[in-house]
Amino acid sequence: MVQYNFKKITVVPTAKDFVDIILSRTQRQTPTVVHKGYAITRLRQFYMRKVKFTQQNFHDKLSTIIDDFPRLDDIHPFYGDLLNVLYDKDHYKLALGQINTARNLIAKVGKDYIRLIKYGDSLYRCKTLKVAALGRMCTIMKRIGPSLAYLEQVRQHMARLPSIDPNTRTILICGYPNVGKSSFINNITRADVDVQPYAFTTKSLFVGHTDYKYLRYQVIDTPGILDHPLEDRNTIEMLSITALAHLKAAVLFFLDVSGSCGYTIAQQAALFHSIKPLFANKPLIVVCNKIDLQPLEGLPEDDANLIAEMKAEAAKTMVGQYGKPGEDDGVLLSMSALKEEGVNAVKNVACERLLEQRVEIKMKSKKINDCLNRIHVAMPKARDGKERLPCIPQAVLVAKAQAAAAKESRKLEKDLEDENGGAGVYSASLKKRYLLADESWKEDVIPEILDGHNVADFIDSDIMQRLEELEREEGLRMAADGDDDDEMDEASLTPEEKEALAAIRKKKRMLVEEHRIKKSTADSRPLVPRKFDKDRQFTTNRMGRHLSNLGLDPSAAIERARTRSVSRRGRKRERSSAVEENPDAMDIDQPNKKPRMLSRSRSRSRPPGEVTPGEGFKDSSQKLKAVKLGKKAAKKRNKDARKGGEGDRVTLNMKPKHLFSGKRSIGKTDRR
């Protein structure tokens with residue numbers, strides 16, 4: 001089976017892109033550093049290599065293009081004529097011929113300039129010859145620019161062509177435009193052909209596949225054909241003519257008997273007779289479509305006669321087994337694609353007719369004799385007229401009888417279900433097949449085990465009844481209390497109880513205050529800014545009274561609040577003690593420097609090994625060792641964090657030095 005896959009044809013670049021690709025590859029994959037002091041043989045070899053490399057790249061690229069495009073003389077005649085109709089065979093061959101000529105010219109230019117560089121006498125002469133060689137090659141490529149653009153358009157269109165196998169089982173649908181061909185192929189295959197109520201909706205060949213008797217059939221929908229001379233037909237109509245002429249298929253000629261397509265039955269009959277030579281040696285079926293609009297019985301006599309003539313012509317293609325003429329029952333069929341009446345019947349008849357013809361052709365071929373010689377079908381013949389009954393051993397008969405009796409006596413779950421109320425009422429027991437020591441144990445409840453204990457041992461049988469009693473008792477108590485208020489009714493208390501209640505509340509209040517004092521310190525208590533204390537409610541006198549009531553000395557707190565209230569900026573700095581200690585010292589003029597106050601010396605830094613209470617270290621050496629181990633562990637984590645994970649924001653160096661500095665040798669350009 002020949003398969004034509006035009007989607008694998010390589011892309012054809014434009015002339016400018018072609019030159020850029022080749023010259024860029026030459027620059028990347030050949031040496032680029034040369035010095036004047038090199039030996040002349042080394043200089044020649046340097047530039048000869050560049051010219052030869054460029055010529056070889058042009059040759060390989062052009063050869064790939066020439067080899068990928070199909071040759072019209074070597075492919076199936078159907079595809080040959082199809083490409084001729086779509087792209088003009090002469091233009092197609094001319095474009096490929098120009099590509100081949102350019103390949104030969106570039107090879108000749110490369111050969112000539114290599115010979116000239118071979119005898120170059122200086123660096124300048126060799127370089128000039130190299131530039132001239134590459135320039136002539138690029139000029140040749142620019143001249144074939146239109147051919148390259150044409151071949152690229154052809155390649156893109158060929159990639160969209162349907163994959164049609166000319167040698168497989170094929171059903172071909174043809175007829176006037178808008179007669180229901182696309183609706184039929186949509187019904188019998190998975191194809192999705194556009195269907196519209198106007199002519200020439202289908203402008204190209206569409207392919208679908210269907211199955212019949214476990215065999216795959218190829219169904220082709222062709223564009224509509226009009227009845228005029230072959231020379232006047234356009235490209236769309238020529239697609240249908242090409243398919244009819246070259247494909248070995250069963251032909252379905254669709255006929256619109258209602259006339260809603262815009263063409264009369266007489267015009268459709270004229271088209272049938274004009275393309276009748278294309279139906280030779282092919283199973284032909286005339287399909288009368290749209291019978292839901294116009295039944296065959298209601299046609300005028302003239303139209304009925306025309307249909308009868310087409311039926312007689314189609315009957316001539318009926319060939320029965322061994323060359324005998326067959327019956328003409330299956331050459332005229334009626335259907336309605338809209339209501340899907342008779343669609344499957346038309347498909348089955350077409351597949352059957354095509355299958356019979358293919359079998360007949362194979363039976364007449366020369367290869368069938370070689371196959372029949374290796375096939376022998378043995379048919380038993382009677383020796384005499386004596387009747388010989390089959391002999392079955394008695395043990396087998398007994399075993400069969402016992403199996404039948406057991407089958408009858410055995411009651412199935414289905415029978416039990418019917419006897420006990422049917423589906424939804426009867427529930428099959430899953431425990432009846434348990435193998436236990438006592439049959440009465442089967443329906444016992446399986447104990448639930450939790451933490452090695454049987455849950456049933458810890459559940460009182462009267463637990464629900466006891467729960468109801470508790471809830472009833474609780475409801476009575478709630479009704480007696482009246483409400484859930486936790487406050488005590490002081491009116492009903494005696495004087496002694498009231499004194500005890502007051503003492504308890506005072507003690508509770510003092511405990512709460514002590515807890516608050518312990519919980520909050522002077523540093524943690526929030527300070528109220530003066531702008532929020534407009535009414536002068538938070539004063540030191542109030543604070544003193546409050547602390548005195550609590551039994552605390554308020555003097556220290558009042559002094560601290562007063563010292564903080566003085567602004568540091570407005571406070572006058574005292575004279576340094578160092579200046580006062582030496583009043584007779586020499587005065588030194590320092591106009592540009594302010595004298596540093598010794599009283600404001602910097603506080604001492606804490607040594608790293610000093611242990612403060614609460615850190616949990618025994619001594620300073622243990623703390624230094626712990627800090628060192630922590631830094632060592634953090635170093636590895638910091639190094640791993642720069643590997644570029646999903647949440648890493650570090651931008652690593654994207655320019656490795658070995659790829660972006662100096663001359664790269666061969667093999668280091670794949671990461672460019």
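In this predicted model, Met379 has a relative accessibility of 64% and therefore counts as exposed, since the word exposed is kept for values over 50%. Met379 is placed in the loop between α12 (367-373) and α13 (394-409). Together with Leu372, Ile375 and Val377, Met379 makes a nonpolar surface patch of about 450 Å².

Gly120 also sits in a loop, namely the one between α4 and α5 (123-143), but Gly120 has a relative accessibility of 2% and so counts as buried, a word that applies under 20%. Once its neighbours within four places in sequence are left aside, Gly120 is in contact with Ile40, Arg44, Arg125 and Cys126. Thr41 is 79 residues away from Gly120 along the chain, and yet the C-alpha atoms of these two residues are separated by 9.2 Å.

| Residue | Relative accessibility | Class |
|---|---|---|
| Met379 | 64% | exposed |
| Gly120 | 2% | buried |

Which residues touch the most other members of the largest nonpolar core? In this core of 111 residues, they are Phe69, Met141, Leu151, Phe184, Leu252, Phe253 and Phe279. The helix that gives the most to this core is α4 (residues 89-117), with 10 residues.

Note on methods
Residues are numbered from 1 along each chain as its sequence is written. This is a predicted model: local features need pLDDT of at least 70, side-chain atom pairs count only at pLDDT 80 or more; totals for chains, interfaces and linings use all residues. Side-chain values use heavy atoms; hydrogens and water are left out. A nonpolar core is a set of buried Ala, Val, Leu, Ile, Met, Phe, Trp, Tyr and Cys residues joined through side-chain atoms within 4.5 Å. Buried means under 20% relative accessible area, exposed over 50%, partly exposed in between (1.4 Å probe, protein chains only). Helices (H or I, at least four residues) and strands (E, at least two) are DSSP runs, numbered from the N terminus. Contact means heavy atoms within 4.5 Å. Patches are made of residues with over 30% relative accessible area and no salt bridge: like charges are joined within 9 Å, nonpolar side chains (Val, Leu, Ile, Met, Phe, Trp, Tyr) within 5 Å. Accessible areas come from the Shrake-Rupley method with a 1.4 Å probe; for residues, only the protein chains shown count as cover. A salt bridge is a side-chain nitrogen of Lys or Arg within 4 Å of a carboxyl oxygen of Asp or Glu.
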